[in-house]
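Hello,

Here is the structure I promised to pass on to you. Please have a look at it first, and then read on for what turned up.

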Amino acid sequence: MEYRLTPVTYDMLPGWKEDDPSSLFPSMARASNHIRNVKPYRKGRLGISAASLEKIYREAEGFAPADAAEARDFIEKRFRPFRIRPANGADGFVTAFYEPEVEVSAEPDETWCHPFYRRPDDLVDLDDENRPAGMDAGYAFGLRTETGIDYYPDRQAIDRGWLAGRGLEIAWARSKVDVFFAHVQGAARLVYRDGTVRRITYAAKAGHPFTGIGRHLVESGELDAQTVSMQSIRKWLADHPQRVDEVLWKNRSYIFFREAEVDDPRLGPIAAAKIPLEPMRSIAVDKQIHTFSSLFYVVSPTLTHLTDGQPLRRLMMALDTGTAIVGPARGDIFTGSGAIAGELAGTVRNAADFYVLVPSDQAELLDG
């Protein structure tokens, strides 16, 4: 998708002088460490380089702003803001995601019978070199067979036992719907029956396209497009238990997980940028356009329930992506972990303005 960039000043950013981005400095330091010592982030089409970001973020290591003004001053001296929007002038759009908490058992029984699976060993990454002729280029994973690569079984086949007996189960939940929504979010905190808390994060997927069941329920007349939310979808599924499989199987995509520790309960999971998500300050973006760890100032006058009744005006860091996050001014805000975060995330569907902060040493390349 094409985009339009317009240079602006910090004085033109609504609410900039009221924002306190201090909590982002530890994320800057983590991003610097990852870029420098692990692997630089791939440059998106916008052209912001990980090297330029790392140079700035290295200065953030060990730096603790004394107050919000000092935090903003650090940003203002090193970045220049540009408004970014689709080339057709359309508004940006934000949704939100969270890390669910799911009660699980380490062993299955008649109650605890819906598994979270690890990545299977017959799931292979696909690229232009090994993708079979005729398979859609959107498939990033496939099934390795004795005769070559084929499509991996979808959600319906896996729910019906395709992977049973292979020892891939991480844990078992009581609710198939809870497992499904953990798939949608791409991560979860697992609360075991003995009180142990562990985390699972995205490892791979079966490869099939994601289909939103909310859209399906709207198109089939079951839910109202104006009020559809995660909460209304869950309620519909609870009210129609005999149709749960029918609806969930509309989304053929299936997610596999890996286990991880919960090192800091306040932080979210390690997402696509390979550093932990900072609640209310992390955002998923289109990785084809943007570079991970880029900074965005997001403004949404109609989104008020995340910010104590005030319009959302907040600096955020791009640390994740998603198949539904497409376009230059499209974002998915991480609200945190647990049920409260889920309530906050479930109703976010708002127009928003996006301002991308470009390192000063690259800003001249983008002017005009």
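Met-280 counts as buried, because its relative accessibility is 14%, and the cut-off for buried is under 20%. Please keep in mind throughout that this is a predicted model. Met-280 sits in the loop that runs between strand 12 and strand 13 (282-284).

Is Ser-293 buried or exposed? Ser-293 is buried, with a relative accessible area of 0%.

Next, the open sheet built from 6 strands, which follow the order 5-9-4-10-11-12 with mixed pairing. Which strands stand at its edges? They are strand 5 (114-117) and strand 12 (255-260); each has a single partner strand, so one side of each is left without a neighbour in the sheet. From one strand to the next, the twist averages 45°.

Within this sheet, strand 4 (residues 101-105) pairs with strand 9 (residues 169-173) in the antiparallel sense, over 2 bridges. If you want a place to start looking, Ser-105 stands opposite Trp-172 in strand 9. Helix 5 packs on the sheet, where it touches strand 4, strand 5, strand 9, strand 10 (187-192) and strand 12. The direction of helix 5 makes about 20° with that of strand 5.

Helix 5 covers residues 176-185, and Gln-185 is part of it. Gln-185 is buried, with a relative accessible area of 14%. Leaving aside residues up to four places away in sequence, Gln-185 touches Phe-97, Tyr-98 and Pro-100. One of these neighbours also comes with a polar atom pair: a polar atom of the Gln-185 side chain lies 3.0 Å from the backbone nitrogen of Tyr-98.

Strand 6 and strand 7 (residues 141-145) pair in the antiparallel sense over 3 bridges. As for individual residues, Leu-123 has Leu-143 in strand 7 as its bridge partner.

**Helix 7 and its two sides**

Which residues of helix 7 are buried? They are Met-230, Ser-232, Ile-233, Trp-236 and Leu-237. These residues cover an arc of only 165° around the axis, which means that they lie on the same side of helix 7. On the other side of helix 7, Lys-235 and Ala-238 are exposed. The buried residues pack against strand 3 (92-99), helix 5, helix 6 (213-219), helix 8 (244-248) and helix 9 (339-345).

Not counting residues up to four places away in sequence, Ser-232 touches Leu-223 and Thr-227. Ser-232 and Gly-346 are 114 residues apart in sequence, while their C-alpha atoms are 9.0 Å apart in space.

**Helix 1**

Last on my tour is helix 1 (residues 25-37), which has 13 residues. From its first C-alpha to its last, helix 1 reaches 18 Å, close to the 18 Å expected at 1.5 Å a residue. What is buried in helix 1? Phe-25, Ser-27, Met-28, Ala-29, Ala-31, Ser-32, His-34 and Ile-35 are. The cover over these buried residues includes helix 2 (50-60), helix 3 (68-76), strand 14 (295-300) and strand 15 (312-320).

Notes
Residues are numbered from 1 along each chain as its sequence is written. This is a predicted model: local features need pLDDT of at least 70, side-chain atom pairs count only at pLDDT 80 or more; totals for chains, interfaces and linings use all residues. Side-chain values use heavy atoms; hydrogens and water are left out. Helices (H or I, at least four residues) and strands (E, at least two) are DSSP runs, numbered from the N terminus. Buried means under 20% relative accessible area, exposed over 50%, partly exposed in between (1.4 Å probe, protein chains only). A polar contact is a pair of N or O atoms within 3.5 Å; within protein, one must be able to donate a hydrogen and the other to accept it, and residues adjacent in sequence count only if both atoms are side-chain atoms. Contact means heavy atoms within 4.5 Å. Two strands pair if DSSP finds at least two bridges between them. Axes are lines fitted to C-alpha atoms, for helices over the stretch in contact, and angles run from 0 to 180 degrees between N-to-C directions. The expected span of a helix is 1.5 Å times one less than its number of residues. The arc is that of the directions from the helix axis to the C-beta atoms.
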